[in-house]
Amino acid sequence: MNAIVFDHVSKDYGDVLAVDDVSLSIEPGKTVALLGPNGAGKSTSINMLLGLLRPSRGTVSVFGRTPRQAVAAGQMGAMLQSGQLIPELSVKELIDLVRKLYPEPLDLDEILKLADLTDLVKRRANKLSGGQSQRVRFALAIAGAPKALLLDEPTAAMDVESRLRFWESMRGYAAGGRTVLFATHYLEEADEHSDRVIVIARGKVVADGTAAQIKADVGGHAVRFTLGEQPAAGLDLLPGVTAVEVAAGTATLRTSDTDATLAGLYRGTTLDVRDLQLSGADLEDAFLALTRES
Amino acid sequence: MLYYAKTEALRMLRNRRYIIFVVLFPVVFYLINANIYGDQKDAGGVRMSTYLLVSMAAYGALASSMMSSAVPWAQERQSGWLRQLQITPLPSWAIIVTKLGAAMLLVLPSLLLVSAAAVLQQGVSMPAGQWLPLLLSLWIGTIPFIALGLFIGSLLSADAAQPAAMICMFALSLLGGLWFPIDAIGGTMRTLAHFMPSYHYANLGWNVIAGNGLPMSDVLIVVAWAVVLGGAAAYAYRRATVRA
Ligand SMILES: Nc1ncnc2c1ncn2[C@@H]1O[C@H](COP(=O)(O)OP(=O)(O)OP(=O)(O)O)[C@@H](O)[C@H]1O
Ligand SMILES: [Mg+2]
């Protein structure tokens with residue numbers, strides 16, 4: 001049975017279509033990244049998975065049940081995109097409060113260790129820094145030992161060091177055969193920390209696979225040269241090329257295989273190629289190419 | 001759920017505003033007034049020090065009911081804490097019921113402190129057969145006010161809930177005759193008081209100390225208010241947590 005299934009799910013807010021006919025399934029035990037720019041529909045999807053929002057059309061299921069049933073059974077834990085803690089309570093009190101609401105929670109010590117909070121147990125929530133509060137919110141998400149963990153932009157407000165430690169903790173938690181779905185804006189984060197990346201833009205799934213596959217699909221490399229007045233026709237047929245852009249006399253070829261493309265360019269065409277530039281696998285470029293308004 | 005109720009109570013006890021307005025204010029107010037008017041008698045021959053015990057305990061309980069419900073609740077809704085709870089196995093009715101329970105727990109300090117001040121400083125004494133119904137009715141009778149607080153908290157933003165709760169609290173205290181005996185004012189104020197749940201609530205206590213026992217009509221009116229305001233709170237809560 002799949003951990004998470006979206007079956008032709010759409011969600012509209014009035015006349016804004018936030019999620020547009022999405023179908024996907026996620027196997028248990030996988031760590032999956034939900035990658036997309038602002039307004040792509042990531043939070044909307046996560047809130048539907050938690051039963052906080054109801055889909056306008058289609059069905060969402062978690063471990064074969066409705067999201068509300070899965071929540072009631074204590075199978076879900078989440079870090080929502082925004083959320084504050086109760087200022088008057090200490091870190092320990094907050095974690096204990098949430099732990100005790102779940103049928104089979106993790107041990108307090110284990111949570112503190114995973115979330116790297118051991119030194120802050122007694123600190124009141126209103127005296128925590130932004131990054132520290134994020135860690136407490138992570139602790140609350142895993143406190144009940146949920147089988148499915150949903151993280152909506154979990155590393156926002158964290159510095160580089162905390163990010164590294166955070167992803168380590170996330171891995172530690174996922175290692176127990178748990179399913180993790182996290183939303184992010186950064187292909188790099190998705191690439192490094194997930195088994196699979198689902199790219200969404202404007203409410204639709206635009207790519208789905210391992211990070212390597214996605215990079216190859218969009219053409220992780222670019223070949224750029226001055227085309228001048230010469231015709232661009234045929235460039236898109238060169239080996240390896242996935243997209244061609246011509247602007248102000250400069251041609252940019254996105255390619256999954258630079259060598260083949262260059263060979264084709266020099267041997268297969270009669271173009272006068274000048275100012276040749278090669279750029280490596282630019283992840284952000286690849287991501288932008290995927291999610292740009294077409 | 002018990003632990004949830006406990007932490008709810010704990011956090012309010014750490015709130016300075018709650019302590020000052022709700023716990024200290026009624027006691028101080030009682031001591032001042034009782035020391036000035038304490039030896040006078042009201043129309044029924046009850047010493048003012050005892051009469052004021054009921055008024056100030058009722059005021060403290062009323063203030064506590066509203067303070068520990070409206071604003072914290074509005075804040076939790078807005079800050080996303082409610083959503084954090086909604087994704088745990090805690091059923092959503094349990095959240096609001098716990099709020100009610102915790103708020104009732106928080107009424108006790110002001111009730112008991114005013115009573116203690118009355119006994120220790122003013123030498124008020126009553127048979128157990130009066131203390132018990134007095135404290136119980138003033139305790140359980142706070143349900144309509146807590147419901148009103150939760151209603152406000154479900155309906156308004158935290159910024160708006162603060163003044164709304166304050167206004168309701170002062171209006172209920174003043175018009176219900178908790179600060180000045182309505183008999184002393186009379187006229188329209190007296191008519192107005194009869195429309196206030198707070199008047200009937202305090203009247204439970206005033207009747208008990210006068211040796212009349214619990215007046216059935218006031219009990220019924222307080223229960224009716226509890227049903228109406230409880231219904232309104234439940235409706236507003238459902239509206240606030242409904243899944244779009
Ligand atoms: N409550 C709402 N009412 C109306 N429109 C909404 C509401 N919530 C979200 N939207 C719209 O739905 C779309 C998807 O929003 P969503 O929050 O799911 O995006 P996101 O991928 O999480 O973005 P971000 O990276 O900025 O968090 C956006 O266009 C947003 O403006
Ligand atoms: Mg979002």
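Predicted model: local features only at pLDDT ≥ 70, side-chain atom pairs only at ≥ 80, totals over all residues.
Colleague: Which element gives the most to the lining of the largest cavity?

Modeller: The lining is made of 13 residues, and Phe6(A), Val22(A), Leu24(A), Leu34(A) and Ser45(A) lie nearest the centre. At least two lining residues each come from β1 (4-13), β2 (16-26), α1 (42-49) and β8 (196-201) of chain A. With 4 residues, the one that gives the most is β2(A).

Colleague: And how many charged residues are in the lining of the largest cavity?

Modeller: Sorted by class, this lining has 11 nonpolar residues and 2 polar ones. As for charged residues, the number is none; there are no charged residues.

Colleague: Let's move on to the second largest cavity. Which element supplies the largest share of its lining?

Modeller: This cavity has a volume of about 40 Å³. Its lining is Glu8(B), Met12(B), Ser68(B), Lys99(B), Ala102(B), Ala103(B) and Leu106(B). Two or more of these residues come from each of α1 (2-13) and α6 (92-122) of chain B. The largest share, 4 residues, comes from α6(B).

Colleague: How many charged residues does the lining of the second largest cavity have?

Modeller: By class, 4 of the lining residues are nonpolar and 1 is polar. The charged ones number 2.

Colleague: Now for the place where the chains touch. Which three residues supply 23% of the area that chain A buries against chain B?

Modeller: The contact takes 32 residues from chain A and 22 residues from chain B. Between them the two chains bury about 2700 Å², with 60% of it on carbon and sulfur atoms. On the chain A side, more of the buried area comes from one trio than from any other three residues, and that trio supplies the 23%: Leu52(A), Glu88(A) and Leu101(A).

Colleague: Which element gives the most to the side of chain A that touches chain B?

Modeller: Between the chains, 6 residue pairs are in polar contact. On the chain A side, the elements giving two or more residues are α2 (67-72), β5 (76-79) and α3 (91-99). The one that gives the most, with 5 residues, is α3(A).

Colleague: How many charged residues are on that side of chain A?

Modeller: The side of chain A that touches chain B has 18 nonpolar and 6 polar residues. Its charged residues number 8.

Colleague: One last stop, the largest pocket. Which element supplies the largest share of its lining?

Modeller: The largest pocket has a volume of about 510 Å³. Of its 23 lining residues, the closest to the centre are Asp42(B), Met48(B), Tyr51(B), Pro181(B) and Asp183(B). Two or more residues come from each of α2 (16-37), α3 (48-67), α10 (182-185) and α12 (197-209) of chain B. The largest share, 5 residues, comes from α12(B).

Conventions. Residues numbered from 1 in each chain as written. Chains lettered and ligands numbered in written order. Heavy atoms only, no water. 1 Å grid on protein atoms, 1.4 Å probe; cavity = no way out; pocket = protein on both sides within 12 Å on 5 of 7 lines; lining within 4 Å. Nonpolar A, V, L, I, M, F, W, Y, C, P; charged D, E, K, R; others polar. Points joined across faces, edges and corners; volume = space filled by probe spheres on them. Contact = heavy atoms within 4.5 Å. Buried area = accessible area lost by both parts, 1.4 Å probe. Polar contact = N/O pair within 3.5 Å; in protein donor to acceptor, adjacent residues only side chain to side chain.
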